[in-house]
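User: I have a two-chain model open and would like to learn how to read it. Could you take me through it feature by feature?

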Amino acid sequence: MNEFAPRPSRRALLVSGGALFAWPHIPAFAHAAGGRDPRLVVMVLRGAMDGLAAAPPLGDPQYAGLHGALALTRSGPAAALALDGFFGLHPAMPQFARMYREKRALLVHAVATPYRARSHFDGQDVLESGQAGPGLVQTGWLNRAVGLLPPGQRVAPPKGLAVGVVTPLILRGAAPVAGWRPAGNHEPHDDLATRLADLYAQSDKALETSLRQGLALDVIARRETSALSKDGTDLAMRLPARGAAKLIATADGPRIAALSFNGWDTHSNEGGAKGRLGQLLAGLDGAFEEFERGLGDVWKDSVVIAVTEFGRTARINGTSGTDHGTGTLCFLAGGALKGGRVLADWPGLGEAQLFERRDLAPTTDLRAVLKGVLEGHLGLSPAALSKTVFPGSDAVRPMKGLLA
Amino acid sequence: MIGASSNAELLVAFHRFGWGIRPGVNDLRAIGNDPRGFVAAELARTSPLAPTDSGLQSSPELIVVLEAQREREKQARATPPSMAAPPAADLTGNRAKPPPTPLTPLQQRVHAEAQARLQLAHKSGCGFVERLVTFWSNHFCVAASRGQQVQILAGAYEREAIRPHVLGKLGGMLKAAEQHPAMLLYLENQGSIGPNSQIGLKRKRGLNENLAREILELHTLGVGGGYTQADVTSLARMLTGWAMAGMDGRLGKPGLFAYDAAAHEPGAQVMLGKTYADVGRGQAEKALQDLARKPATATHIATKFVRHFVADAAPPALVARLAKTLRETDGDLRSLAAALIASDEAWKAPLTKIRSPYEFWIAAGRLLNPEPEPARHTINVLNQMGQPLWNPPGPDGFADTNAAWANPNALKTRFDMVSNLARAHRARDPRELLEQGFAGLASSATRTAVARAESSQQGLALLLMSPEFLRR
């Protein structure tokens, strides 16, 4: 599909010159004793994932009544996959359940960002900016975390990449970032890119930086984008995950990636064991599997997290779905984790226990989980995490013991 | 020659407020004498803003077309597989592969609507009013991804609910948009049932807050506009019963807006401290009328308006002035647009915004072609560039900032598309187009790059990707 045959000299120019390759460095600890070289991937699930449906609290006496016809059960046609006796996992996620059994996956339940209103757009802003409220900054916590990594050896591609058409806020900021998307166009003549970059260098620096970054990683990920087949939602999440895994598995490739998947806003016909949410969760399960497979030897040093802006109402609404809520869950998978656990300070689902009598009450600040990963996995200090990555979060202690 | 300062404003007229220059069609000498008057003249029009193509169908007609198609597909599925027609290609998702499959009736209607819209943008003089149409259509957006009914109605929605009010009142557009079947389906009011209504009590059904929340958050007050969860729920209750009449005809002609008293939550409701008596359909109409007049709504809309036309960081003084205009004219949208182009800031601010893929595609078409590209081609290109026609990613519409359209991915995607476009038009002389298409205002760097290109194809690609052509 993409006949890409650049003249070597031109390609070398693109991949070595100018603003694009002002990357900082490979983290210094990458080649330290023991050879641990951590990878981190964050998947943003946009639209507010129903945590009570994804990992149902089967042991909570209120759950079945609240989720009504959509409730999962311990056995029968709507059976959840077994996790720990209290929580089950949606049956669309067998790969994640296997990783959980192999102690390479865990989830944290009843979590939320500090945001308590119910706007998607503000909720995602808080989730990605890492601030206490919406609209405060134009940079993402993951980008600021990248900026704190100890500088070491230089690498060719940038540290982070955003998969999708628009760079998500979570990875926007001062640290250099580039991205790619699966595309079906012919590769234009390479010389054109060089001439255009030269033109931008003279008259429009912002466009120059953007173009050089856009061209760079496209070259690396290209080989993986031709595997398009017609397999619906599942593949829609698998393909970006596959391309991202390929890039970050490379020895001199980026170490940090962010992806974003839409469609979790299940106001109507959410479905129970089968249906709309089930299809989305199957896609997410596929993405986790792609990362496990694609990261190969470095999976043992990897953490893949899936987060969403908030949860949904505990009760089913009038259209067999759920409306915007509060508490939800966060998925973590990867060989670096101490998995096989559901971490939750369970608030209960009784009327008085629900947040504002409608939502799962959050008992864990999502930032505690993220701080726990950034501290344990990337070695960032709690002080830096509270100052730079999640400003004003001193009271939110990093969660201990997430990593193996 | 044209004077230097009005010459710069000529580019502002076509880029910031319009769809780009049509070489040989737009009389640049005359327009250059009074660029501001050229844009303002479009606002004076009184003719309807609808496409002239009389073949376009109304919402009820389109719903019947879709129903018939579904019925045929159902029957085809019931026949043995070898006899069945090939499944319809997903217009919003997959790209058409050669050889082109025949269009389904649904696709035919979508393409006809798209073609009519493209035609208007392509042929308009400056195109300010058509730019206003796309702004408002995006503000009150629906998305085809919701399902085939919204997909087939999206174009009709724009003609029926948006266009008639673009130079009218905000309150009128708000009511028309929220009552249109496309919106009621898209934001799921169709299935929202008052828990204590006849149907609610009988079938144990309840509210869906989706439409109510987006009305407050996106269409009127804005997210900081001072409403609470209780206000959302109250508005959702008032909106119960607003529906599209279904194929069974129980509520009237299928595909028209209908009020279903049996689904309406009985009783007075309190929203933003005001009590609304239960007068049936009119309860939510009154609430919308009040929302359209709130100062927070004026500020929210003025901010979006200025951000769209002038700069990502909307100049506060200009926003304040336009919000004041909205408040003092009872939400008159012609006055809003007139206030924008009467503002010196709007003409003097540098052209820093990046044309969205749709704006870019129209501008490139106006530069290169006497007629717009075929709808089918346009739809595919917009899918690839991340701005699928009438199918934004969420109810907040397509993003309107440089972060969305000038980031590395988006720019690389545009670069790929322009490479293909330049190949298709490689017979054109880019130096000639450069002089005609920029009114002599291209930078010397761009002129040099185009002049030194190794082929006309490469020169044309450089012209289309030049900062002057990308920015508005």
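Predicted model: local features only at pLDDT ≥ 70, side-chain atom pairs only at ≥ 80, totals over all residues.

User: How is the size of an interface given, and what is the area buried between chain B and chain A?

Analyst: The size of an interface is often given as the accessible area lost when the parts come together. Here the area buried between chain B and chain A is about 4200 Å², and carbon and sulfur atoms give 53% of that. In chain B, the residues that lose the most area to chain A are N409(B), K412(B) and F415(B), which together make up 15% of what that side buries.

User: How many residues does each chain bring to the contact?

Analyst: Chain B brings 56 residues and chain A brings 52 residues.

User: Which element gives the largest share of the side of chain B that touches chain A?

Analyst: Several elements give two or more residues to that side, among them helix 11 (210-219), helix 19 (375-384) and helix 21 (408-424) of chain B. The largest share, twelve residues, comes from helix 21 of chain B. By residue type, the side of chain B that touches chain A divides into 23 nonpolar, 18 polar and 15 charged residues.

User: Now a single chain. How many helices and strands does chain A have?

Analyst: Chain A has twelve helices and eleven strands. Of its 404 residues, 61% are buried. To read the fold, look at how far apart in sequence the contacting residues lie. Among the contacts in chain A with a separation of 6 or more, 75% are between residues 24 or more positions apart.

User: How do I read a histidine in a loop? Is H324(A) buried or exposed?

Analyst: Check its accessibility, then its neighbours. H324(A) lies in the loop between strand 8 (302-308) and strand 9 (328-333) of chain A. Its relative accessible area is 1%, under the 20% cut-off, so H324(A) counts as buried. The side chains of H324(A) and D265(A) are joined by a polar contact of 3.4 Å. Beyond four places in sequence, H324(A) touches residues including H120(A), H267(A), R358(A) and, from the other chain, R213(B).

User: And an arginine: is R367(A) buried or exposed?

Analyst: R367(A) sits in helix 11 (residues 366-378) of chain A. At 10% relative accessibility, it counts as buried. A polar contact of 2.7 Å joins its side chain to that of D365(A). Leaving out residues up to four places away in sequence, R367(A) touches P114(A), A132(A), F390(A), S393(A) and V396(A).

User: For a residue in chain B, what does L463(B) touch?

Analyst: L463(B) is in helix 24 of chain B and is buried, with a relative accessible area of 0%. Not counting residues up to four places away in sequence, L463(B) touches L367(B), P430(B), L433(B), L434(B), F438(B), V450(B) and F469(B). L463(B) and A422(B) are 41 residues apart in sequence, and their C-alpha atoms are 9.5 Å apart.

User: Last, a whole helix. Why is helix 5 (residues 120-129) of chain A described as largely enclosed by the rest of the structure?

Analyst: Count its buried residues, then see what they pack against. Nine of the ten residues of helix 5 of chain A are buried, so the helix is largely enclosed by the rest of the structure. Its buried residues pack against strand 1 (39-45), helix 6 (141-148), strand 8, helix 11 and helix 12 (382-389) of chain A, together with helix 11 of chain B.

User: What is found at the start of helix 5 of chain A, and which residue follows the helix?

Analyst: At the start, a side-chain oxygen of S119(A) reaches to within 3.2 Å of the backbone nitrogen of D122(A). G130(A) follows the helix, and its phi is positive, near 75°.

User: How many disulfides does a search of the whole structure find?

Analyst: The search finds zero disulfides over all chains.

How values were computed
Residues numbered from 1 in each chain as written. Chains lettered and ligands numbered in written order. Heavy atoms only, no water. Contact = heavy atoms within 4.5 Å. Buried area = accessible area lost by both parts, 1.4 Å probe. Helix = DSSP H or I, 4+ residues; strand = E, 2+ residues; numbered from the N terminus. Nonpolar A, V, L, I, M, F, W, Y, C, P; charged D, E, K, R; others polar. Disulfide = S-S within 2.5 Å. Buried < 20%, exposed > 50% of the residue type's maximum accessible area, 1.4 Å probe, protein only. Polar contact = N/O pair within 3.5 Å; in protein donor to acceptor, adjacent residues only side chain to side chain.
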